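Me: I would like to go through this model feature by feature. Please give the general idea first and then the case at hand.

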Amino acid sequence: MRIIDQGSGTPLVLIPGIQGRWGDLRPAVDMLSRSFRVITFPLCGERTSDVPFDRARGLDNYVAQTVEALDHAGVDDAAICGISFGGIVALRVAAAHPERTRALVLASTPGPTWRPCRRHELYASAPGFFAPLFVAETPWRLWAELASTFPDLEARAHFVRSQLRVLLDAPLSFTRMAERARLISMTNRVADCARVMARTLVVTGEPDLDRVVPVDSSIQYLRLIRDSRAAVLERTGHLGSITRPEAFATIVRDFVGSDRLVAA
């Protein structure tokens, strides 16, 4: 299993989103590692993960992968932080393994009852056929957010180029993304919320800028997870962890450090 272990201090596991690649989160990893020992990995099933995906186990594939990463790092417990789809995994980790979860951070995470729209469910049913349509609509969903976060055109272009380099280094698998999208509808997140014992932070962007997962959906976790609170990354939508990584890392650091958690 490939594991990225960077930085020192309080351990924090960073779980990637639906793309499954840790490289998409490199800006967040680099910034978080200034305050934490960041442990991350490509999700199982990805070519670079060296871990197969067992369809019979569903979401629990990624839970087991997270626990294995903690074991490999020699860490008894950590802050568990999930980005978007990774937040659904982080929630399940916190529910199933409270003894290994110091704190829980859900960033831009689909809410407890959220499911993909019919159009995206159709895309997921035949990812090879519908991939061009999915790619074509992506700029529309992200343009307003990127324009808000990067009003300077050169800064915006630099960010887009950096993401294209990640894409070239590790091409997306629409088949694996579709498989993960289907898991969202199959996961009982309400039940998982009731089992969470760790302090929880729900991080979102601004409601009018996240056109991937509605903010109203994400903040529903506040009603279902005891000892939970919210934080908003301003001038961002769904991509705030990588478009404003310094602000994201500050929010996470302030939350995880608020009870003076110490490194294992």
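Reply: Start with handedness: a crossing is left-handed if the near helix is turned anticlockwise from the far one by less than a right angle, and right-handed if clockwise. Here α5 passes α6 in a right-handed crossing. Helices (H or I, at least four residues) and strands (E, at least two) are DSSP runs, numbered from the N terminus. The model is predicted: local features need pLDDT of at least 70, side-chain atom pairs count only at pLDDT 80 or more, and totals for chains, interfaces and linings use all residues. Residues are numbered from 1 along each chain as its sequence is written, and side-chain values use heavy atoms, with hydrogens and water left out.

Me: At what angle do α5 and α6 pack, and how far apart are their axes?
Reply: Two packed helices are described by the angle between their axes and the distance between the axes. Axes are lines fitted to C-alpha atoms, for helices over the stretch in contact, and angles run from 0 to 180 degrees between N-to-C directions. For α5 (residues 127-149) and α6 (residues 153-169) the angle is about 130° and the axes are 9 Å apart. Angles under 35 degrees count as roughly parallel, over 145 as roughly antiparallel, 65 to 115 as roughly perpendicular and the rest as oblique. The pair α5 and α6 is therefore oblique.

Me: Which residues of α5 and α6 meet?
Reply: Contact means heavy atoms within 4.5 Å. Trp 143, Leu 146 and Ala 147 of α5 meet Arg 156, Phe 159 and Val 160 of α6. By class, the residues of this contact of α5 with α6 are five nonpolar, no polar and one charged. Ala, Val, Leu, Ile, Met, Phe, Trp, Tyr, Cys and Pro count as nonpolar, Asp, Glu, Lys and Arg as charged, and the others, Gly among them, as polar.

Me: How do α4 and α5 pack?
Reply: Their angle is about 140°, with the axes 7 Å apart. That makes α4 oblique to α5. On the α4 side the contact includes Leu 122 and Tyr 123, and on the α5 side Phe 130 and Phe 134 are among the residues. The residues of the contact of α4 with α5 divide into seven nonpolar, two polar and two charged.

Me: In what order do the strands of the sheet lie?
Reply: Two strands pair if DSSP finds at least two bridges between them. Seven strands form an open sheet with mixed pairing, in the order β1-β3-β2-β4-β5-β6-β7. β1 (4-7) and β7 (228-232) are at the edges with a single partner strand each, so one side of each has no neighbour in the sheet. Within the sheet, β4 (residues 78-83) and β5 pair in the parallel sense over six bridges; Ile 80 stands opposite Leu 104 in β5.

Me: Which residues lie on each face of β2, and are they buried or exposed?
Reply: In a regular strand the side chains alternate between the two faces of the sheet. Buried means under 20% relative accessible area, exposed over 50%, partly exposed in between (1.4 Å probe, protein chains only). In β2, Thr 10, Leu 12 and Leu 14 on one side and Pro 11, Val 13 and Ile 15 on the other are all buried. Five bridges join β2 to the parallel β3 (residues 36-40), where Ile 39 stands opposite Val 13.

Me: Where is Thr 109?
Reply: Thr 109 is in the loop between β5 (101-107) and α4 (118-125). Its relative accessibility is 2%, so Thr 109 counts as buried. Beyond neighbours within four places in sequence, its contacts include Ser 84, Ile 88 and Tyr 221.
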